[in-house]
Amino acid sequence: MVEIKNLTKKYGTKLAVDNISFTVKEGEILGFLGPNGAGKSTTMNILTGYLSASSGEVSIGGFDILDNPVEAKKKIGYLPEHPPLYMDMTVREYLDFVYDLKKVEEDREEHLSKICDTVKITDVKDRLISNLSKGYKQRVGIAQAMVGNPEVLILDEPTVGLDPKQIVEIRSVIKKLGREHTVILSSHILQEVNAICERVIIINGGKLVASDTPENLGKSISNENKFQLRVAGEEREILDILDGVSGIKYVNSLGRKESGSIDFVVEAEPDVDVRTPIFNALASANLPILSLQTLDLSLEEIFLEVTQSQAGTYIADVDEEEIEIVNTEPDATNNAPEEVVEEGASEDESNL
Amino acid sequence: MKAIYKRELRAYFKTPLGYIFLFAYLLITSAVFTLCNLLTQQTSMVFFFSYVNLVFIFVIPVLTMRLFAEERKNKTDQLLLTAPVRIVDIVLGKFLAASTVLLIGVAATTLYIPIMELYGTPAIAESMIGYLGLFLTGLLFIALGMFMSSITESQVIAAISTSVIILFLWLLGDVNIQFTEVLTGALAWLGSALDWLMNFISITNRLYDFALGTLNLVPVFYFVSLAGLFLFLTVQVIERRRWK
């Protein structure tokens, strides 16, 4: 459906997109992942014909975006990074305009009201866009992309700026859209891509560094057997006891996070559940466990690993040792659990 | 093109801009009419049409400044440029919308003819040709203003540069230097070339026929083709920007 060959974009001497090639099959939801400034938006702007590539080819449904722009653009619905909304129009007027602009042939009333229902903007359709909240503006942006039922939807960070409840809603809308459309979605949030997409492409510094299914990415999570543990007591004493628990591969102390307690990262041998033995051992020594949390960090770590190294490692090639090294650095482990809680943990549960 | 035309036209009257344009246009032209015709009890509109074009220095930027600058600033150009529409259609839609507002203004001022009938017999046909000249000049300046709006993200810069260029074109017409008198000898060819150029650029000279009430195809062609040139340049600016 979407074919990209050797795409390169230069801004002056800066290489924003560096020789990227990939294809998206019909009905696929592709996640486009990368840190800020990786070239995600530039690539999407080229796909939609807003920018032209310095070299390389883009074809949408068989039509080249440069040779046959009107036909190619007919197949695309695009939500840019900033929703392109006219603040002096009401939602209804705006969608009417987009309907006319795209020369849609479906029944106007039926088509537009169906879209409004899907993204839940029916109750604000007579309000001025400038008076809408950011979340609603984002939805109007998505609605705009859906007008005309384009075969390909290209959504640039569709959930940015939304509250958690809206994020969950929009994600389910996108999943639903994926049944009838080809969707390309960019994000810098891993959980989001993990929750929605069938395939993930990671780009960094304009280069494609990884391409795989989230399941394969997810495998590295389930292989992990790591916990963050907070125990009240003296560090030496706790370490002595944990040393006596069989099945623990290593213990790494993170120091004092809460007065009177120490935090540890514990990694168990594969396929061994050490939680009960740890509890029993510490309980019998009268050292209360204040918290015990699985560390589902590997996706983040792999992401960091892949995007920070210029070499461009394929996800599956990242071996266990590399992950371990990242983990033993206090900084990485300190920051990561907070990120999980902030960005994705709560939504992840509701998605599963 | 139709969708863009409709949206732009509606935008003029949903924001104050359309009203500001019409108010300022009617106010200034009425003042010129009062000075040139009412106070002097004249029915000839030659003077009126010779001076009334000055109004465009103030009012054309009101129509044109936001056309592209605002789209770029608010990123709504991403919607237009990724929609299945040609850039030419976008430019023409906007141009026609601004021209429609101008036409409303110009049409409203034809009321001056019946007003003059209160005290004399105006030459209706000649005056209508004068109005045609006024409208054509306006079209040219709209195309110019649109071009200025397409090269910047700032409406203020678009507005001021449009005004300055219109003013400059006007002053050129009123400069009475004959370069052939200043530049003699070896530079005589330069003098005549400059004279020809000044004469060519001068809007005043082109308008003279219209003001007198004679319909000459050469100045009509001049205005239409120059307007077309600026529309073409606007399309090129937008087209080229994608490649930056």
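Which strands of chain A does helix H1 (residues 40-47) lie across, and at about what angle does helix H1 run to E1(A)? I found that H1 of chain A lies across E1, E2 and E4, running at about 120 degrees to E1(A). Axes here are lines fitted to C-alpha atoms, for helices over the stretch in contact, and angles run from 0 to 180 degrees between N-to-C directions. Helices (H or I, at least four residues) and strands (E, at least two) are DSSP runs, numbered from the N terminus.

I note that this is a predicted model, in which local features need pLDDT of at least 70 and side-chain atom pairs count only at pLDDT 80 or more, while totals for chains, interfaces and linings use all residues. Residues are numbered from 1 along each chain as its sequence is written, and chains are lettered from A and ligands numbered from 1 in the order in which they are written.

**Sheet, chain A**

I traced an open antiparallel sheet of 4 strands in the order E2-E1-E4-E5. Strands E2 (14-24) and E5 (63-64) are the edges, each pairing on one side only. Pairing requires that DSSP find at least two bridges between two strands. E1 (residues 2-11) and E4 (residues 55-60) are joined antiparallel over 5 bridges. I looked up A:Lys5 and found A:Glu57 in E4(A) as its bridge partner.

**Domains, chain A**

I took the bounds from an automatic or database domain assignment: domain 1 is 2-218 and domain 2 is 225-294. Their C-alpha centres lie 45 Å apart.

**Cores**

I looked at nonpolar cores, meaning sets of buried Ala, Val, Leu, Ile, Met, Phe, Trp, Tyr and Cys residues joined through C-beta atoms within 7 Å. Buried means that 20 or more other C-beta atoms lie within 10 Å of a residue's own, exposed that 12 or fewer do, and partly exposed is in between, with C-beta atoms placed from the backbone. The largest core has 132 residues; A:Tyr94, A:Val183 and B:Ile142 are among those with the most contacts inside it. Helix H9 (residues 124-150) of chain B gives the largest share, 12 residues. A second, separate core of 11 residues includes A:Leu242 and A:Ile262.

**Helices, chain B**

I checked H4 (residues 55-64) and found 8 of its 10 residues buried, including B:Phe56 and B:Leu63. H7 (residues 87-109) packs on H9(B) at about 145 degrees, with axes 10 Å apart. Residues making this contact include B:Phe95 of H7(B) and B:Leu139 of H9(B); contact means C-beta atoms, placed from the backbone, within 7 Å.

Technical notes:
Contact = placed C-beta atoms within 7 Å.
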